[in-house]
Amino acid sequence: MSPIGPFSPRGQDATPDVASGQIPGLAGAPVRTPVRSGATETGPALWPAIAGRILTRQLWIELYGLPGYGLTLGPVLGGGKVTAFAATPRDFRPHDAAPGKNLLVGRFILAGASMEVEAPADPWNRPSPSRPFAVELHAFNWLPALMAQGERGAREALRLTLGWSDAFARWSPFAWGPEILPRRVVNLACAARKMGAVATEAERLRLADSLARQTRQLLRPPGGLATRAERLTAAAIGGCVLAGAPGQSLRRRALSGLTGALKTTVQADGGHASRSPEAGLELLLDLLTLDDALAQLSEPTPEAVTGAIARLTEGLRLLALPDGRLASFQGGGPSTVARVAAARAHDETATARTKAEPEHPPFGAVAGLTRIASPLLTILADAAAPAGGAWGASACAQPMALEIVCGKDRLITGSGWTPASTDRQALRLTPGHSTLTLGERSLNEPLGGWKGELLGPRLVGPPIHVTTDQRDGDGAVWLDMEHDGWNEAFGLNHQRRLYLDQRMDELRAEEKLFPTPGRKEMIRQIAAPYAIRFHLEPGVQASLARDRRSILLRGASGRGWWFRTDGPDVAIEPSVHIDAGLTRRSLQIVVRGSARTDSESRIRWKLSPAGASGDPT
């Protein structure tokens, strides 16, 4: 067997040309996943949003930047002076205490970058090594690890927090922005009472005043629809922590708006409106913290909050894969086993069901992500169009993409892109997941340039309509999906048909490209080059058999699975995968060929356990 593809160059030329073959926006990553770049057409429908955003953005920058604006967040106009803390909300997110030891000696290691800051200095008046580092730093995502170091950690956390308050007392678009402020408020709220216990009276009052000012800011624009539920949840948590009338006023205002925000954000099936599984997980963890904070105050949790928790928990059951992590679709990463387990720990019903019926894997669909399974195979398919509008800032143009877990080995996956990887936008394009592309181009592209700065990197381009049909039989499941995204450029529809034999743990599939029905004027007699990609999880071994049509895959467990296809050109090529914000090298199986635009083209493939008598050699 050969570990490389049969059509890859041999000898000295086998090393990929990184300079000419890299993905745009992914400097230095050797891949053979070319993406045709071009100007993104926004269309007239987007101009009202652009015009409105220009006006409101400048308005808030001018208003919040006024020297006297800070007074509106203070005790005189903001609802009274805060002098104490009322609750200590539980942060349900698991945190590794080890990084806290580095923080005690002034070593900040965040988002793959580091900064050395020895006390009594602090990191606030110096440039950050990268934007992701700055986001983690100003969101105070380092605070839980530092608080785990006991009294010494609490004192250092207090010093750094008050240092931030001195340096960023005035509003700024980055440090006080709607993407960073909610996370900082939640982290501070969960640690405030412990920090107050080691503070002097003057320090405690400064800490309470800073938390109150930031919580009040969460209730004001700008923000946007996509982060409204997160902002109001954080504000409600902050209001639970602040004692007295000011805290009560803040949490009442936050909870009154949260009802409508959750109705918009959390769908009836338990999915997040962005269609990102990770976004739903993070919102669930915040809502659990809010529920705990309200319980400490002996206040009832609003029905909208308990209902959202129940729906998100139900959705999490389907979106958590057998390896304990999440499915990676639509800007959501896999998260971690510990984080997913922490979000599910409160779900006694799921625990009892798992113990009672372990032989029945869950089926269903959440936010357009459809799950089918057999005892050893679990398949998640993206059977819906990407989210649009404000929700599209984290969407990916990858309809009918697949993730496949064999046993507990995640073999076939996607690039793992998340919004934290701001400089890896190309991985949101169609070639960045396990689906089919035509002409080495993407169906949609993220909004860039000054328009993207205004509205965020939302996906723009022709609409994509996805249809799906699932049928269950005796020991088998059929899942048929179809989308018309290639209609405008090539006049073709793409159909992906999956047949899962639950008795043999075998997945058989057919990819069909055919002229769009009823659109004869779109038919042009040309050959459209296609590429069907199957991105492999980092660490998965892939070996090509002598027949050059079969590939043996082995995951962490060592168990082998055969991937076979009748496609004309099969290769194993380099790829990349985003894991916890870091770019890792991986592999991808690529099936290439050409499809006529005036007739049907079919490509078949299947995945089955190794060890049968008919295995290739």
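Reply: Let's start with a facing pair: Ile 372 stands opposite Ile 379, a residue of S5. Before going on, please keep in mind that this is a predicted model, where local features need pLDDT of at least 70 and side-chain atom pairs count only at pLDDT 80 or more, while totals for chains, interfaces and linings use all residues. Residues are numbered from 1 along each chain as its sequence is written, and side-chain values use heavy atoms, leaving out hydrogens and water.

Strand S5 covers residues 377-382; strands here are DSSP runs of E with at least two residues, helices are runs of H or I with at least four, and both are numbered from the N terminus. Strand S4 (residues 369-373) runs antiparallel to S5, and 5 bridges join them; two strands pair if DSSP finds at least two bridges between them. With 3 residues between them, S4 and S5 form a hairpin. S5 also pairs with strand S6 (residues 402-406), again antiparallel and over 5 bridges, and there Ala 381 stands opposite Leu 402.

How many of the residues of S5 are buried? The count is 6 of 6, so to speak a mostly covered strand; buried means under 20% relative accessible area, exposed over 50%, and partly exposed in between (1.4 Å probe, protein chains only). Leu 377, Ile 379 and Ala 381 point one way, whereas Thr 378, Leu 380 and Asp 382 point the other way, and both sets are buried.

Since Arg 496 lies in strand S13 (residues 492-501) and Glu 511 in strand S14 (residues 506-515), the pair ties together parts that are 15 residues apart in sequence. Both residues, Arg 496 and Glu 511, are buried.

The whole structure holds 37 salt bridges. In one of them, Asp 347 meets Arg 317 at 2.8 Å, N to O. Asp 347 sits in the loop between helix H14 (337-344) and helix H15 (348-356), and Arg 317 in helix H13 (residues 303-319), so this pair links distant parts of the chain, 30 residues apart. Asp 347 is buried at 6% relative accessible area, and Arg 317 counts as buried at 13%. Elsewhere, a network of salt bridges links Asp 91, Arg 93, Arg 183, Glu 230, Glu 282, Asp 286 and Arg 339.

Phe 140 and Trp 164 form an edge-to-face pair, 6.1 Å centre to centre with 85 degrees between the planes. Because Phe 140 lies in the loop between helix H5 (131-138) and helix H6 (143-147), and Trp 164 in helix H7 (residues 150-167), the pair ties together parts that are 24 residues apart in sequence. Phe 140 and Trp 164 are both buried, and they belong to a cluster linked by ring pairs that also includes Phe 108, Trp 124, Trp 142, Phe 168 and Trp 176.

Conventions. Phe/Tyr/Trp six-rings, centres within 6.5 Å; stacked < 30°, edge-to-face > 60°. Salt bridge = Lys/Arg side-chain N within 4 Å of Asp/Glu carboxyl O.
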